[in-house]
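The sequence and the structure are shown first, and the description follows.

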Amino acid sequence: MCGIVGYVGRQKAAPILIEGLKRLEYRGYDSAGLAVLQGPRIEVVKKTGRVDVLAKAAAPRRLAGATGIGHTRWATHGGVTEANAHPHLSSDGSFALVHNGVIENHAAIRRFLAAKGYTFASETDTEALVNLIAYHHAKEPEPAPDTGKSRFLESVRRALMHVEGAYGIAVLCAACPGEIVAARKASPLVLGVGDREHLLASDVAALASRTQNVVYLKDGELLHLTPGRFAIITQDEEDVPPVVDRITWDTAGAELGDHRHFMEKEIFEQPAALENAMRGRFSEDGSTANFGGLNLTPAELRQVGRLVLLGCGTAWHACLVAEHLVERFARLPVEVDYASEFRYRNTPLDRDTLFFVMSQSGETIDTLGALREARRKGFKVLAINNTVGSSIAREADGGIYQHVGPEIGVASTKAFTSQLLLGAIIALYIARMRDMSYNDGLEYVKALKAAPGLVRRVLAQAPRIREIARRHAHYKDMLFLGRLSLFPIALEGALKLKEISYIHAEGYPAAEMKHGPIALVSPECPAVFFAPKGEIFNKLVSSIQEIKARRGRTIVITTEGCELPPGVADELIHLPDCHEAVLPIVATIPVQLLSYYIAVELGCDVDKPRNLAKSVTVE
Ligand code: F6R
């Protein structure tokens, strides 16, 4: 979480930093700040609240400096106050630093520095680091000019040798005009190489309007920037030859257009997003899948005896659906785990296990940690990921990009349905190596290709779902119930509602109701019920009737043409009839819309819900 930016060039830094911070606001929005070198002084402006508040506060300061750093915060250490906002200055004012991550041994560093007379103005872990840099700078002799070494860079390098934890940092030094030093360990950092200017950011989204040429920093690397030059070194002082990547970032994808919120835009983008995610994924004969980046031969994949799927939050729900489809169609055992739990559980694993991690951002630290743990044990880990060049994409043994463009709304929507789609395609791929026939493969592929059109049909019901949302926005609790592949969609519906509208919601397997949660049922706790056509339709109807018998309100999501007994559904939403592999995708749309419209009705900040951040880069 937290977004950091930096600029060194010939333009005024402040507006460029603010523009970059706006693009990174999804990473945290508790406070925002910037620091600009103005002659020999470092000027800092910081405010609690959004980047717009910062922009207003910075405008009258007439900051003309062409070197600066900026930050948008998701609070970890210390409350949401101006004092805790970044950038942080060293106690002598000679260094300013922005930080994404957590310095785990900050208390020990603070104690060490306090004994030497350094003072602290905030409760943050970051302030310990900026003072540690100042401490090392004071001790570091000026290098001889012919060595080409920078005292500033060396001070940061030495300070970081004593730091435990995760960091992406950018540092200004009052005595070093036109210079920035940056470094990363477990928090992302990208360098943008422009025309006699350099930019830094946690994410390419913040650079893409100024340059297409980027260098992704690796863990343990430090970067020294001036307008005309950049150099990368490792913690061990070895020079790193830079690899400049060219990004093809569609900046229009990160614009709101005519929509009121990014979440609305991204919900309605899903037909196109699914088309992009499936493009090129099917074999020419249309009977199986085609994956270029798995880095596994069909023979190697054929040897796999078990899949382990890992993710967090919404991505974990997508893993649960994939589990259902892989086991159902490919008859291959699958285990799903929260990445954060897997990492520390030390699960016994068979040698023929293959891992998949799912992550929209590719930066979720729990998922990255799980990936590293599995690879450390010698397993292959493939990634399903939406962010080209992300840490997970780079560290995985292979993988599949989601190709749905930037997802800006904090609540995941189009990334989720594309993960569902890719899970379904993986199930097909493995199934066709095992028991699935050519003809069943053809039918499966045809069904997946129909998914965007079916999603469009559900989206056409948005006005009706909006009315249902209006009638339900005042409730304080809600249940989401489903079975089989729609149980994870019930979990996802409950998560969407609680994260953007702050209504308490629970997702449950419908048949488990009677083992406890039915005690919650009352006229004050409506239940959203998935009851699609299928073998267990009658059992689902019985479960709904159990709710009705206890005077519960029901919003039933069923398949067109399915007959429900009278009085069972207080509200009814129809899904088009579709293949089992497509059902979870199609069934997701009504619960996304319902949550979205309820949150809008309640006046919630849909794209930036309280306490959340898009990219969770702390444990
Ligand atoms: C919920 C949501 C989160 C993310 C989770 C993992 O709407 O977006 O639950 O799914 O933080 O994020 P990624 O997929 O980036 O690893």
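Is Glu601 buried or partly exposed? Glu601 is partly exposed, with a relative accessible area of 40%. This value, like the others below, is computed from a predicted model.

## Two domains

The protein chain is divided into domain 1, residues 3-247, and domain 2, residues 262-601. Their centres, taken over C-alpha atoms, are separated by 38 Å. Where the two parts meet, 9 residues of domain 1 are in contact with 9 residues of domain 2.

About 740 Å² of area is buried between domain 1 and domain 2, and carbon and sulfur atoms give 52% of this area. On the side of domain 1, Tyr26, Ala186 and Tyr216 lose the most area to domain 2, together 49% of what that side buries. The rule finds 1 salt bridge across this interface.

Val181 is placed in strand S8, residues 180-185. Val181 counts as buried because its relative accessibility is 0%, the cut-off for buried being under 20%. Beyond its neighbours within four places in sequence, Val181 is in contact with residues including Phe152, Leu153, Val156, Leu223 and His224.

Ala205 is found in the loop between strand S10 (198-201) and strand S11 (213-216). Ala205 is also buried, with a relative accessible area of 8%. Ala205 and Ala254 are 49 residues apart along the chain, and their C-alpha atoms are separated by 8.0 Å.

## Helix H18

Helix H18, residues 537-548, has 12 residues and reaches 17 Å from its first C-alpha to its last, close to the expected 16 Å. Its buried residues are Phe537, Leu540, Val541, Ser543, Ile544 and Ile547. Seen down the axis of H18, these buried residues fall within an arc of 160°, so they line one face of the helix. On the other side of H18, Asn538 and Lys539 are exposed. The buried residues pack against strand S20 (477-482), strand S22 (527-531) and strand S23 (554-559).

## Salt bridges

Side chains of opposite charge can pair when their charged atoms come close. The structure holds 37 salt bridges. In one of them, the side chains of Arg457 and Glu560 meet at 2.8 Å, N to O. Arg457 lies in helix H15 (residues 451-459) and Glu560 in the loop between S23 and strand S24 (571-575), so the pair ties together parts that are 103 residues apart in sequence.

Arg470 forms a salt bridge with Glu601, with the closest N and O atoms 3.4 Å apart. This pair ties together parts that are 131 residues apart in sequence, because Arg470 lies in helix H16 (residues 462-472) and Glu601 in helix H19 (residues 583-601). Arg470 is partly exposed, at a relative accessible area of 39%. In the salt bridge between Arg553 and Glu571, the closest N and O atoms are 3.0 Å apart. Arg553 counts as partly exposed at 24% relative accessibility, whereas Glu571 counts as buried at 7%.

Notes. Residues are numbered from 1 along each chain as its sequence is written. This is a predicted model: local features need pLDDT of at least 70, side-chain atom pairs count only at pLDDT 80 or more; totals for chains, interfaces and linings use all residues. Side-chain values use heavy atoms; hydrogens and water are left out. Helices (H or I, at least four residues) and strands (E, at least two) are DSSP runs, numbered from the N terminus. The expected span of a helix is 1.5 Å times one less than its number of residues. Buried means under 20% relative accessible area, exposed over 50%, partly exposed in between (1.4 Å probe, protein chains only). The arc is that of the directions from the helix axis to the C-beta atoms. Contact means heavy atoms within 4.5 Å. Domain bounds come from an automatic or database domain assignment. Buried area is the accessible area (1.4 Å probe) that two parts lose on being put together, summed over both. A salt bridge is a side-chain nitrogen of Lys or Arg within 4 Å of a carboxyl oxygen of Asp or Glu.
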